[in-house]
Amino acid sequence: LLFFALEKPVMALLDLALLFVVTLFTIKWFKIVSTTAAYMLIPYAVWILLAFAFNFEIWRLNS
């Protein structure tokens with residue numbers, strides 16, 4: 001919504017950074033309960049980093 005609908009790439013970039021940090025904390029907390037569940041969240045964290053990189057480049061190229 002922030003990137004496409006509101007056309008605020010900087011806000012979307014901050015949102016992705018916050019989502020990545022929360023995902024890292026979730027992986028840490030899940031590891032206490034189930035290491036399998038924690039490892040299954042790693043591709044999601046990588047996907048967030050990929051979206052962050054794309055968003056950053058679009059923001060940088062359009063600035």
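How many helices and how many strands does the protein chain have? The protein chain has three helices and zero strands. Here a helix is a DSSP run of H or I with at least four residues, a strand is a run of E with at least two, and both are numbered from the N terminus. From the N terminus on, the order is α-α-α.

This is a predicted model: local features need pLDDT of at least 70, side-chain atom pairs count only at pLDDT 80 or more, and totals for chains, interfaces and linings use all residues. Residues are numbered from 1 along each chain as its sequence is written, and side-chain values use heavy atoms, with hydrogens and water left out.

**Overall shape**

The C-alpha trace spans about 45 × 15 × 15 Å along its principal axes. The radius of gyration of the protein chain is 14 Å, while a compact globule of 63 residues would have one near 11 Å. That radius is taken over C-alpha atoms, and the globule rule is 2.2 Å times the number of residues to the power 0.38.

Of the 63 residues, 16% count as buried. Buried means under 20% relative accessible area, exposed means over 50%, and partly exposed lies in between (1.4 Å probe, protein chains only).

**Helix α1**

Helix α1 covers residues 9-33, which is 25 residues. From its first C-alpha to its last it reaches 36 Å, close to the 36 Å expected at 1.5 Å a residue. The expected span is 1.5 Å times one less than the number of residues.

Which residues of α1 are buried? They are Ala12, Leu13, Leu16, Thr23 and Ile27. Their cover includes α2 (35-40) and α3 (42-62).

Val21 also lies in helix α1. Val21 counts as partly exposed because its relative accessibility is 40%.

A search of the whole structure finds one salt bridge. The term means a side-chain nitrogen of Lys or Arg within 4 Å of a carboxyl oxygen of Asp or Glu. Glu57 forms a salt bridge with Arg60, and the closest N and O atoms are 2.6 Å apart. Both residues lie in helix α3, three residues apart, about one turn of the helix.

How accessible are the two partners? The table gives the values.

| Residue | Relative accessibility | Class |
|---|---|---|
| Glu57 | 33% | partly exposed |
| Arg60 | 43% | partly exposed |

Conventions:
Contact = heavy atoms within 4.5 Å.
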